[in-house]
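Please look over the structure shown here before reading on. The report then takes up some of its details.

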Amino acid sequence: MALGEEPAAGAPEDGAEDEALARGGFLESFCESAETRALLARLPAVLGDRAAREGALERFRVIMDKYQEQPHLLDPHLEWMMNLLLDIVQDKTSPADLIHLAFKFLYIITKVRGYKTFLRLFPHEVADVQPVLDMFTNQNPRDHETWETRYMLLLWLSVTCLIPFDFSRLDGNLVAPPGQIRMSTMDRILEIAETYLVVSDKARDAAAVLVSKFVTRPDVKQKKMAGFLDWSLHTLTRSSFQTIEGVIAMDGTLQALAQIFKHGKREDCLPYAATVLERLAGCRLPCSNQTLLRKLGVKLVQRLGLTFLKPRVAEWRYQRGCRSLAANLQLCAQSPRQPTVHAETPAGDGDCDVPEEVESVIEQLLIGLKDQDTIVRWSAAKGIGRMAARLPKELADDVVGSVLDCFSFQETDGAWHGGCLALAELGRRGLLLPSRLEDVVPVILKALTYEEKRGSCSVGTNVRDAACYVCWAFARAYEPRELQPFVAAISSALVIATVFDRNINCRRAASAAFQENVGRQGTFPHGIDILTAADYFAVGNRANCFLVIRGLGGELMRQAVCVLIENLSLSKMPFRGDAIIDGWQWLIDDTLRNLHLISTPSRQQIKEAAVSALAALCREYYAREAGEADPARQEELTRQYLADLQSPEELTRCGFSLALGALPCFLLSGRLQQVLAGLGAVTLIRPEDVSFAESRRDALKAISRVCQTVGVRAGGAPDEVVCEANVSQIYRTLLGCLRDYTTDSRGDVGAWVREAAMTSLLDLMLLVAREQPELIEATVCQQVMCCVAQQASEKIDRVRAHAARVFMALLHSGGSPVPHVPHREELEKLFPRSDMASVNWNAPSQAFPLITQLLGLPAYRYHVLLGLAVSVGGLTESTVRYSTQSLFEYMAGIQKDLRALEGFSGTLLQVFEDNLLNDRVSVPLLKTLDQMLANGCFDLFTAEQNHPFGGKLLALCKEEIKKSKDVQKLRSSVAVFCGMVRFPGDVRRKVLLQLCLLLCHPFPVIRKTTASQVYEMLLTYGDIMREDVLDEVMAVLGTTAWDAELPLVRGQRNRLCDLLGVPRPQLVPK
C-alpha cells in the first residue's frame, strides 16, 4: 500500500439500485436505447469470440428483463431492433452461426414483449414467403442449441400466411426437369407445421400458431383442413400420455386444434367438431398426470362447445349500466331516481337449437372444475362462462345448479375452488341472475371460511381466496339494490377474513373485495372507516391484524373510564378522601405505565385521556382547604412519576412526562427543581435510549407546560417558579434538543424533538418577555433566534415551516416584544408583519428566497448557511432546486464585493471545519461546494495566486475523506477537487495530485468516477495546461480501463502524473 495513497474505501456501487427504488420500480422510457443499438451493431464482431458473444447475449437479456413489468416501453423501438437483426438474417453472406445469434436476440425481445405484438413487425409480403420456407431446409429439428431460430422462423412463416393471394399462384410450374413434381407451397408449409408440432422444444408452440393462421385460410381449408384434422386425430390416438414422446406429440396437437377451433370460422369447423370431441374423449385426458395436457384438453373442449352453439349474446343476461362512462352519466342525468329495469326477452331463446354434444361438453367442463390443478380449473371456469352465454336461460340456469353442486362437504377443496371461479365468471358476465343470489351467497359465505384438515396441516387457502374474488366480481356485476339483502352477511364475512384469516393473500383479497364493494355498492356499513384501518397494506402484518385493526375491548374501556374520571372530577363530585380516588389514580397510572401494550391507533387518544383525567383529579381532590398540597400525596406522586421517567419502555416515559407536565401548581411547589431535572434527563441522548425520540419530545412538551403552570418571577425560589437561578438551565435543555438529528427505520425521528423544542422555546420566550423580560439575556436570545433560523433553512418541509412560524412569532411578538433580537430593524424590513401571513412556508419556492436573505446578517450567517448546506446537497428535487437557486442569487449579489465574499467563504469554511466527519452535514456540504464551484461563486479568488480559501478548502476535503468508506462522499469529493483546479498555484498542483491518488483507489468505482470527472473537467477547463499535453492526458484518461487490476492501472496513473507535473506516489511496505 502506498503511503501517499491513503485509500478512501467504498462500498459496491449501488446508485442505480437506489434510483430504481426511489422511483418505486417504475420506468419512464427505454433508457438503454443507445446501448442496445450499439450492442446489436457489433454482433458480427463478437461472433468469433465465445466469451464476448455470451457476454453480449447476457447483457441484452439483462436489459430486456428490466422491462418485463412495462414491456410497452419497448414498442417505439421494436421496429429498428428487428430491422437490425433481420438485416443480418437476410444477408446471404452472413454465416449460419451469426444468423442463429440474431434469432436468439429476436427471441429475447419476443419473450419480453409477447409474440402477438411482435408478429406484425415481421416482413410479410408475397416475396417473403419463399425465402422463409427456404431457411427451413437448413434447420435440424433435433438441434437443441438453435431452437430459437426455428421458433422465430415459424412465427415469421405464420404471419406470411396472411397474404391475401391464393398460395397456388406462388407455385408456378411444378414440373421438375427429370419428370419429378415439386412439392407445392401449401404442402411445404403443412409438412413444416406437422414436423414441428411434435418436437420437444418451444418451436412446438410457434407451430400451433402457424397452423391456426394457415389451415383457416380460405384456399387452404378447402384442400387441407380435413387432412390435417385427420392427421391430428391420428396423432392423438396413437400417442400415450404415459411416455415423454407421447406427451410432447399430444401437447402440440392439442394446441393446434384449440387454435384452429378458436380462430376458424364456425361454418368451416362445425362439420368436424363432433368427430374431434369423440376422439378427444377417447384420449382419457382427465386421467393423465400431465397438468398441461389436462388444461389443453379443457381448452379444446370449450372451443368445440362454442363451435356447436351459434355466436349470440344472451338477451336474458343481467346488465348493470353501460360500458361507456358517457352513456352511464347521460342515463343518470335523464332519470336520476328511477331504477333500471332489467327486462327478460325470451324471444331469442326459441330458435336456439342446442346440439346433444353440448351436454357432453358441459359435463367435461364441470369435471374440469374439480381438477387437482388450478390452471385446469381456471380454464374450465372460463369455459363454463363462455358456454352459458350462448345457452337459453333454462339451460344456463341448469349449469348454475350443477356448479352449485361443487359446494358439498363431500367434495375436495379443488371442487370448491373451481366452483368459486365459475360463479365469479358467471356473475362477471351477467349470467348469474339476481334470483339465484339467495342460493349462491350462502355457499360463498361458507367458502370464505373453508378449511379442511389433512394430517398435520390443512388446505383451503385457495378456496377462501377465490371466494373473495367472487365477492369482488359481484360488487361490479350487480346494482346495489340486488345485493342489499345480503350486505350484512357479506360485509361481516369479509371483515372477519380481512382481519383474522391466517394467510396474507386471503387477508389482502378480502380487503380488496371489501374495498370494491364499498366503492361500487355504497351500502357497506362503516365502509370508509373500516378501509382506512384495514387497507391492503395494513392487513399484510398478522400481528397488526389481530391486535391493532380490531382493537381490544380493554382499550375502549380505559379511554372511556379516563373520560369519566375527568368529567366526575370537573363536576366536583364529593369523593374527597374516598377510597375510590385511589382506584382512579391506580387506573390512570396503570394506563400510562402500559401504553406499550395498547394498539398504535388508540395509543395517543388513551394517553391524552389519561393525562387529562390526572390533571382534573389532582386539581379537585389533592388540594387542602388552603390550596396547599397534601404532603404525603405530593411526595408519593412526584417520587413515583420521576422514577417512571427512567423506565426501559419509551412509551412509559412518554406517559409520565406528560403526567408531570399536567400536575397543578400546588403539587409542583417545592419540587420544581426535581421535576425539571427529571424531565431534562429524559431529553438527553444516551446509547441505550438513542431511539427514544417520542419520550424526548413529550418531555419537552412537559417542560413547557410546567413553566406555564408555575409562572416566572425573577427573584423567586428555584423550587417554586421559573427564576434567574433556573432559567438558564431550562434554555440549555431546550437549545440542546435542537441538535437532535436521530434517525432510525422511521426516518429523521429527531425532527419530532426539534419541533417540540422550538415550540417550547417560543412559549418560554413569550412567557418570560411578558412577565420578566430582564431574564432574557442577549446571548440566549441570539442563540434561540439563530438556531431557529437554521431549522427554517433545512430540508424537511414540515420542520422548516414550523421553524419559520416560530421565528416570525418571536420577531413580531405583539405587546411584549422579545428583547435583544439580533438585527431587529433589518429583520422587520426583510420580514414585514403584513406580508408574512400570506407566505406558505411549506413551499420551498416561497421559503428559501426569504430565508437566504439572512445570509447578509452576520449574526445569522453561520446557522443559516449550515441549514442551507443540508438543503442544497439534499435529495428532494424541489428543495434542492429552490434552495440552490436562492443561494446562487445571493452569491451573485456579492460577487463584486471582495469583503462580503471573504466573510461568506470564511463562514462556509468554519461550517465545514466544525462538522468534519459528521456525515449528516459534510456529505451534502460537499455537494453544495461542488455546485458553487461549478457556478463560479468563487471566481474572484481564482484571480489570486495561492488564495488562502483554496488551500483551506483542500485541507478540509482531504481530512474529510481520509480513510472514508462512503462511496457517495468520495464521489462528491472528486467533484469538488475537479472544481478546485481553477485555483492557480500550489492549490492546483495539490488538487491534481489528490486526483491522481484517487485514480488508484482500491475500489474500481472510485477509479472510474475519478477518471470520468477529470476528463470532463479538462474538457471544460482545458486552458490549465498546454494543448499538446492536454491531448495526451485526454487520450490516457479515455482509453484506460480504470476498473482493471491495480498494477495495470498504476502504470497509466504514473504516466498521467508525469504529464501533469506532479510527483508520482510511492509504494511503501505495510
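The model is predicted, and local features need pLDDT of at least 70, side-chain atom pairs count only at pLDDT 80 or more, and totals for chains, interfaces and linings use all residues. Residues are numbered from 1 along each chain as its sequence is written, and side-chain values use heavy atoms, with hydrogens and water left out.

**Helix pairs**

Helices (H or I, at least four residues) are DSSP runs, numbered from the N terminus. Axes are lines fitted to C-alpha atoms over the stretch in contact, and angles run from 0 to 180 degrees between N-to-C directions. Angles under 35 degrees count as roughly parallel, over 145 as roughly antiparallel, 65 to 115 as roughly perpendicular and the rest as oblique.

Helix H45 (residues 898-914) packs with helix H46 (residues 919-934) at an angle of about 155°, and their axes are 11 Å apart. H45 and H46 are therefore roughly antiparallel to each other. On the H45 side the contact (heavy atoms within 4.5 Å) is made by Phe-904, Leu-908, Val-911 and Phe-912, and on the H46 side by Leu-925, Leu-926, Leu-929 and Met-932. By class, the contact of H45 with H46 has eight nonpolar, no polar and no charged residues. In this classification Ala, Val, Leu, Ile, Met, Phe, Trp, Tyr, Cys and Pro count as nonpolar, Asp, Glu, Lys and Arg as charged, and the others, Gly among them, as polar.

Helix H15 (residues 291-308) and helix H18 (residues 374-388) pack at an angle of about 5°, with axes 9 Å apart. H15 and H18 are therefore roughly parallel to each other. Residues of H15 in the contact include Arg-294, Val-298 and Leu-306, and those of H18 include Ile-375, Ser-379 and Arg-386. The contact of H15 with H18 has six nonpolar, five polar and six charged residues.

**Salt bridges**

A salt bridge is a side-chain nitrogen of Lys or Arg within 4 Å of a carboxyl oxygen of Asp or Glu. By this rule the count comes to 54 salt bridges.

| Pair | N to O distance |
|---|---|
| Lys-66 and Glu-32 | 2.5 Å |
| Arg-436 and Asp-439 | 3.3 Å |
| Arg-520 and Glu-516 | 2.8 Å |

Lys-66 lies in the loop between helix H4 (50-65) and helix H5 (75-90), and Glu-32 in the loop between helix H1 (15-22) and helix H2 (33-41), so the pair ties together parts that are 34 residues apart in sequence. Arg-520 and Glu-516 are four residues apart in helix H25 (residues 504-520), and are separated by about one helical turn.

Buried means under 20% relative accessible area, exposed over 50%, and partly exposed in between (1.4 Å probe, protein chains only). Lys-66 is partly exposed at 41%, whereas Glu-32 is buried at 10%. Arg-436 is buried at 16%, and Asp-439 is partly exposed at 35%. Arg-520 is partly exposed at 39%, while Glu-516 is buried at 16%.

Salt bridges also link Lys-607, Glu-694, Arg-697, Asp-698, Asp-744 and Arg-746 in a network.

**A serine in H44**

Ser-886 lies in helix H44 (residues 877-893). Ser-886 is buried, with a relative accessible area of 4%. Leaving aside residues up to four places away in sequence, Ser-886 touches Phe-848, Pro-849 and Thr-852.

Notes. Helix = DSSP H or I, 4+ residues; strand = E, 2+ residues; numbered from the N terminus.
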